[in-house]
Amino acid sequence: FASAELKQDKELVFSAVAKCGRALRFASPELKRDKEIVLSAVAEHGLALEFASAELKQDKEIVLAAFFQNTAALKFASDELKQEEEVLKDTFA
């Protein structure tokens, strides 16, 4: 188990999620809201979207990056974003 201090260390967490996106689950809530961290995590492992903040699950750039890495990641996107026609068009373009 990582200490709270380590879970809040942006450089450490960024390095971890770049190698294993699912490491996002161990990040502090603050870093789960950090777009740079989450984008790195979902680019490496799309299903890491599950551990992103609710706010970032509504971010089109994050969701599309996750989807293009693993199509199953769409299930972790916000309901609102899943329904947006534009997102679906981009997804299948």
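You're looking at a predicted model, where local features need pLDDT of at least 70, side-chain atom pairs count only at pLDDT 80 or more, and totals for chains, interfaces and linings use all residues. Residues are numbered from 1 along each chain as its sequence is written, and side-chain values use heavy atoms, with hydrogens and water left out.

**Inside helix α5**

- Helix α5 covers residues 60-69; helices here are DSSP runs of H or I with at least four residues, numbered from the N terminus.
- Its buried residues are I62, V63, L64, A66 and F67, where buried means under 20% relative accessible area, exposed means over 50% and partly exposed is in between (1.4 Å probe, protein chains only).
- A66 has a relative accessible area of 0%.
- Leaving aside neighbours within four places in sequence, A66 is in contact (heavy atoms within 4.5 Å) with V42, G46, L49 and A73.
- The C-alpha atoms of A66 and V42 are separated by 4.8 Å, although the two are 24 residues apart along the chain.

**The start of α5**

- D59 sits in the loop between α4 (35-44) and α5, and D59 is buried at 18% relative accessible area.
- A side-chain oxygen of D59 reaches to within 3.0 Å of the backbone nitrogen of E61.
- The side chain of D59 also reaches the backbone nitrogen of I62, at 3.0 Å.
- Not counting residues up to four places away in sequence, D59 touches K35 and L81.

**An aromatic pair**

- The structure holds 1 aromatic pair, meaning rings of Phe, Tyr or Trp (its six-membered ring) with centres within 6.5 Å; planes under 30 degrees apart are stacked, over 60 edge-to-face, and the rest tilted.
- F67 and F68 make up that pair, edge-to-face at 5.7 Å centre to centre, with 75 degrees between the planes.
- F67 is buried at 8% relative accessibility, whereas F68 is exposed at 55%.

**Salt bridges**

- There are 5 salt bridges, each a side-chain nitrogen of Lys or Arg within 4 Å of a carboxyl oxygen of Asp or Glu.
- K35 and E61 meet in one of them, at 2.9 Å from N to O.
- That pair links distant parts of the chain, with K35 in helix α4 and E61 in helix α5, 26 residues apart.
- E36 bridges to K10, with the closest N and O atoms 3.2 Å apart.
- E36 lies in helix α4 and K10 in helix α2 (residues 10-19), so this pair ties together parts 26 residues apart in sequence.
- K10, D34 and E36 are linked in a network of salt bridges.

Terms used:
Helix = DSSP H or I, 4+ residues; strand = E, 2+ residues; numbered from the N terminus. Polar contact = N/O pair within 3.5 Å; in protein donor to acceptor, adjacent residues only side chain to side chain.
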